[in-house]
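Subject: Structure for you to look over

Hello,

Here is the structure I promised to pass on.

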Amino acid sequence: MKRFVNLISAFAVGCAASAALAQPNIDDLSFNDPWIRGSVPGQKNGAGYLVIDNQSSQPAALVSVNSDRADRIELHTIVREDGVAKMREVQEIPVPANGSVTLQPGGYHVMFIGLKQPFKEGESIPVKLNFANGQSTEVTFSVKAPTYMGGGGMQGHGHGGHGMMKTN
Ligand SMILES: [Cu+2]
């Protein structure tokens, strides 16, 4: 019985050590349906969305994004204050172990600030995603149709363009 207990405790120590050191490899992550909302005339900013799946037993986190299409790129979420949707910058977007995070209108998004040229429907935009473990990957985002104010139809959700939200 003593020997059995020793084996158990050795196993527990081994697990704790690997949990502290392990970071999910980029190969454990998959990137689904990356898309960017097309720009309406005069729009200075844009938002990108995708689903990140994590097949690792360790959590991951998206910490920054690079693209030459904007002056600056931030990670944002949407919070509601007094019924008004407002954007907030976040330092990272967590991807749970054996789970996924969905960047979508009304929630987490990649914020392209100061567009160098408008996002045109049908374009493919290479975007570099950087993770907390120091690994990066390039994902190609497809540009979908823009949402015009008042004409959003089924796509309408109040976050088609950040400039437009203020006038609503
Ligand atoms: Cu935003």
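Strand β2 and strand β7 (residues 99-102) run antiparallel, with four bridges joining them. In this pairing D53 has S100 of β7 as its bridge partner. Two strands count as paired if DSSP finds at least two bridges between them.

This is a predicted model, in which local features need pLDDT of at least 70 and side-chain atom pairs count only at pLDDT 80 or more, while totals for chains, interfaces and linings use all residues. Residues are numbered from 1 along each chain as its sequence is written, and side-chain values use heavy atoms, with hydrogens and water left out.

**Strands**

β2 itself spans residues 45-54, and seven of its ten residues are buried. Buried means under 20% relative accessible area, exposed means over 50%, and partly exposed lies in between (1.4 Å probe, protein chains only). Across the chain of 168 residues, 38% count as buried.

The whole chain has two helices and ten strands. Both kinds of element are DSSP runs numbered from the N terminus: helices are H or I with at least four residues, strands are E with at least two. From the N terminus, the order is α-β-β-β-β-β-β-β-β-β-β-α.

Contacts (heavy atoms within 4.5 Å) also reach along the sequence. Of those with a separation of 6 or more, 68% are between residues 24 or more positions apart.

**Salt bridges**

Side chains of opposite charge can pair when their charged atoms come close. The rule used here asks for a side-chain nitrogen of Lys or Arg within 4 Å of a carboxyl oxygen of Asp or Glu. The count is four salt bridges.

One of them joins R69 and E123, at 2.9 Å from N to O. It links distant parts of the chain, 54 residues apart. R69 sits in the loop between β3 (60-66) and β4 (70-81), and E123 in the loop between β8 (109-115) and β9 (124-131). R69 is buried, because its relative accessibility is 9%. E123 has 23%, so it counts as partly exposed.

Which residues share partners in one network? Salt bridges join E81, K86 and R88. E81 meets R88 with the closest N and O atoms 2.7 Å apart. E81 also meets K86, at 3.1 Å from N to O. E81 is partly exposed because its relative accessible area is 30%. K86 is partly exposed too, at 35%. R88 likewise counts as partly exposed, at 35%.

**A buried arginine**

R37 lies in strand β1.

R37 does have a polar contact: its side chain joins that of T147 at 3.0 Å. A polar contact is a pair of N or O atoms within 3.5 Å; within protein, one must be able to donate a hydrogen and the other to accept it, and residues adjacent in sequence count only if both atoms are side-chain atoms.

**Two positive phi values**

D82 is not a glycine, yet its phi is positive, near 55°. D82 is in the loop between β4 and β5 (84-89). Its relative accessibility is 81%, so D82 counts as exposed.

N98 is also a residue other than glycine with positive phi, near 50°. N98 is in the loop between β6 (93-95) and β7. At 56% relative accessibility, N98 is exposed.

**Confidence**

pLDDT is the predictor's confidence in each residue, from 0 to 100. The chain has a mean of 83, and 75% of its residues reach 70 or more. Residues 7-21 are below 50, and this stretch has one contact in the model beyond near neighbours in sequence. Residues 150-168 are also below 50, with 26 such contacts. Where pLDDT is low, the predicted coordinates should not be read in detail.

Best wishes
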